[in-house]
Amino acid sequence: YVRLGTKPIQIGLFETMTTTLLVAGVFKASGSPWLQSLAIGLSFAISSTAIISKTFQEYQLKGRRFVQNVISTLIFEDIMVIFILLIIPSLAATQIFSGNILIEKFLIILSYFLLSSFIGFLVIPALQPWLKKLNQEGLLIFSVGVALLMAKLSHWVGLSYGIGAFISGSILAQLPKRELFL
């Protein structure tokens, strides 16, 4: 269990924005279009939590205080990756880089993420007693229903079906007997 405080959030925001702006600036200076430069900069801002965590494990550094700060920062960056991966296709689809469009897309993504969190943190736990009574087939049907609902909801707000399916996986990870889906 890693606690996410304000320091890792500040570091994560600074690192992501700095990397994005520096890489986008280099690509823009080399003659690439601004939108393409921004997409490349955002791609470079994505960290690899799994590799860094494995490195800490191999060097037996897991218990140290700085490791917890690094892992917290990486977890925050992983959350930001969801937004980055949602923004890049939205920007590419419009082919226009406007602050208003970016803010609109960000608000749509944020509202979808908040709705998904509401479903994952409040609705699914409230249904846990009922879900525990279901057999494997019933749980599978419920899971497919959640995946289809989230995919359709994401498409309804202007995102891809794939994003909805991805988010539904996070929601379904809280189900009883979740090992059936691994």
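Reader: At 15% relative accessibility, does S32 count as buried or exposed?
Author: This is a predicted model. S32 has a relative accessibility of 15%. The cut-off for burial is under 20%. S32 therefore counts as buried.

Reader: Where is S32 found, and which residues does S32 touch?
Author: S32 is found in the loop between α1 (6-29) and α2 (34-44). Leave out residues up to four places away in sequence, and S32 touches F27 and S37.

Reader: Why do the buried residues of α3 line one face of the helix?
Author: Helix α3 covers residues 49-58, and its buried residues are T49, S53 and F56. An α-helix has 3.6 residues a turn, so residues three or four places apart point the same way. Seen down the axis of α3, the buried residues line one face because they fall within an arc of 60°.

Reader: Which residue follows α3, and what is its phi?
Author: The residue after α3 is Q60. Its phi is positive, near 55°.

Reader: Which helix gives the most to the lining of the second largest pocket?
Author: This pocket holds about 320 Å³ of space. Its lining has 11 residues, and I82, F113, F121, S170 and I171 are the closest to its centre. α5 (99-133) and α7 (161-172) each supply at least two lining residues. With five residues, the top contributor is α5.

Reader: How many charged residues does that lining have?
Author: Six lining residues are nonpolar and five are polar. The number of charged residues is none.

Definitions and conventions. Residues numbered from 1 in each chain as written. Predicted model: local features only at pLDDT ≥ 70, side-chain atom pairs only at ≥ 80, totals over all residues. Heavy atoms only, no water. 1 Å grid on protein atoms, 1.4 Å probe; cavity = no way out; pocket = protein on both sides within 12 Å on 5 of 7 lines; lining within 4 Å. Points joined across faces, edges and corners; volume = space filled by probe spheres on them. Helix = DSSP H or I, 4+ residues; strand = E, 2+ residues; numbered from the N terminus. Nonpolar A, V, L, I, M, F, W, Y, C, P; charged D, E, K, R; others polar. Buried < 20%, exposed > 50% of the residue type's maximum accessible area, 1.4 Å probe, protein only. Contact = heavy atoms within 4.5 Å. Arc of directions from axis to C-beta.
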